[in-house]
Amino acid sequence: MIEHQIKPPTEQEKPESRRTKHRQVFEHVLADIESGRLKDGDRLPSEAELVKQFASSRPTVARALRDLQNLGLVERRVGSGTYVRKARKPIESCSFGLLIPGLGSTEIFEPICGQLARLAQRHHHTLLWGDFGGKRGDADPGLIEQVCDSYIRQMVAGVFFAPLELTEDKDRVNLSVIAAMEAAGIPIVLLDRDIMAFPQRSRFDLVGIDNRLAGFLIANHLIKLGCRRIDFLSRPDSAPTVMLRIAGYREALLNSGISPDPQWIHSGDPADEKFVQRIVGDGATAIICANDLTAANLMRTLDALGCPVPQKIRVAGFDDVRYAELLRPSLTTIHQPCVDIGTIAMQVMLERIENPTFPPRDILVQPTLIVRQSCGDAGRSHSSSANEQDAGQ
């Protein structure tokens, strides 16, 4: 087993054209706070001033300020304004552990962990991670448990844990990790997914996107394009997030008067031509995939079967990984604000250490729909969120 201290990578900013007004306001105020231009107790510009500065709407500005408030960075005083929250006594320098079996194979965890590393360095903490022996996502359960035991021996202050998925042994491994950490009194913050299947909920803090909303957004977009049958494809033993995405997908169908057929939901290998041929032969015209990797493999299989995307089959995914825009056709997907997830996860961990009796919290960041060519929507790529009017400003 090899342990490493993470060095913070260079942060890559999203191009201005890809950021919503909500993100622009949020990041501008956050930068002013972190740089010291806005100090403890300083009053922020008024909502009206921010609306004018960013040519935005009042709900958009209010949402950005609310997100900053949820992070504990500002406080809003009725009739007075919004102020930088006075810093609490900092937690002494300590070590945190990362248990991310998919770190080397699932792109969303790279920027999440990168932000955790930046924040840990900024506040003089140490962030540790282990070698799980994973290639192509098949992390070694034995190594996961070894890293867990190592963190316990080192008495880390807390662990950020993305539960194992895509293996039949996942539940045993996840419960083993949780039991060991609890016995040692080590706080846990779950990243991206729970250890329990939806609609059940574990007793740990969780930070990720609103997967139910994400499923609704992507299915609703396909419905607006005229799709009346929309299939959903995931790999066996997927994380509980997939069931939340399916729940949102079903809500979108029902909201449009379409009765979702259980036969439209598939679990299998997107690279298996016979499996994919059965889906196509059954009448599928649009397929939402549980993530971008599944979508990319499906598109390659459809090409081999002579089923062009999007002319015959529309395809969409989740995550907005780096290669999603490079696929041909480029992939319609859900963007995860990974840097935000990392920022919030660190804040949640520090609050959990300071207040161990807090009830468990789900802190869900809003996803964004990135529309590209694979869904058959003509024209240039664009993005939208649940509040498309605000996002489009």
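Which backbone nitrogen does a side-chain oxygen of Asp-272 reach at the start of helix 9? I looked this up in what is a predicted model, and found that the oxygen comes to within 3.0 Å of the backbone nitrogen of Lys-274.

**Helix 9.** I then went along helix 9, residues 273-281, and noted Phe-275, Val-276, Ile-279 and Val-280 as its buried residues. Looking down the axis of helix 9, I find these buried residues within an arc of 135°, so they line one face of the helix. On the other side I listed Lys-274, Arg-278 and Gly-281 as exposed, Lys-274 being the residue whose backbone nitrogen Asp-272 reaches. For the cover over the buried residues I recorded several elements, including strand 9 (231-234), strand 10 (265-267) and strand 11 (286-289), together with helix 10 (292-304). Just after helix 9, I noted that Gly-283 takes a positive phi of about 110°.

**Helices 7 and 8.** I turned next to helix 7 (residues 211-224) and helix 8 (residues 241-255), whose axes come within 7 Å and cross at roughly 40°. Angles under 35 degrees would count as roughly parallel, and 65 to 115 as roughly perpendicular; helix 7 and helix 8 are therefore oblique to each other.

Methods. Residues are numbered from 1 along each chain as its sequence is written. This is a predicted model: local features need pLDDT of at least 70, side-chain atom pairs count only at pLDDT 80 or more; totals for chains, interfaces and linings use all residues. Side-chain values use heavy atoms; hydrogens and water are left out. Buried means under 20% relative accessible area, exposed over 50%, partly exposed in between (1.4 Å probe, protein chains only). Helices (H or I, at least four residues) and strands (E, at least two) are DSSP runs, numbered from the N terminus. The arc is that of the directions from the helix axis to the C-beta atoms. Contact means heavy atoms within 4.5 Å. A polar contact is a pair of N or O atoms within 3.5 Å; within protein, one must be able to donate a hydrogen and the other to accept it, and residues adjacent in sequence count only if both atoms are side-chain atoms. Axes are lines fitted to C-alpha atoms, for helices over the stretch in contact, and angles run from 0 to 180 degrees between N-to-C directions. Angles under 35 degrees count as roughly parallel, over 145 as roughly antiparallel, 65 to 115 as roughly perpendicular and the rest as oblique.
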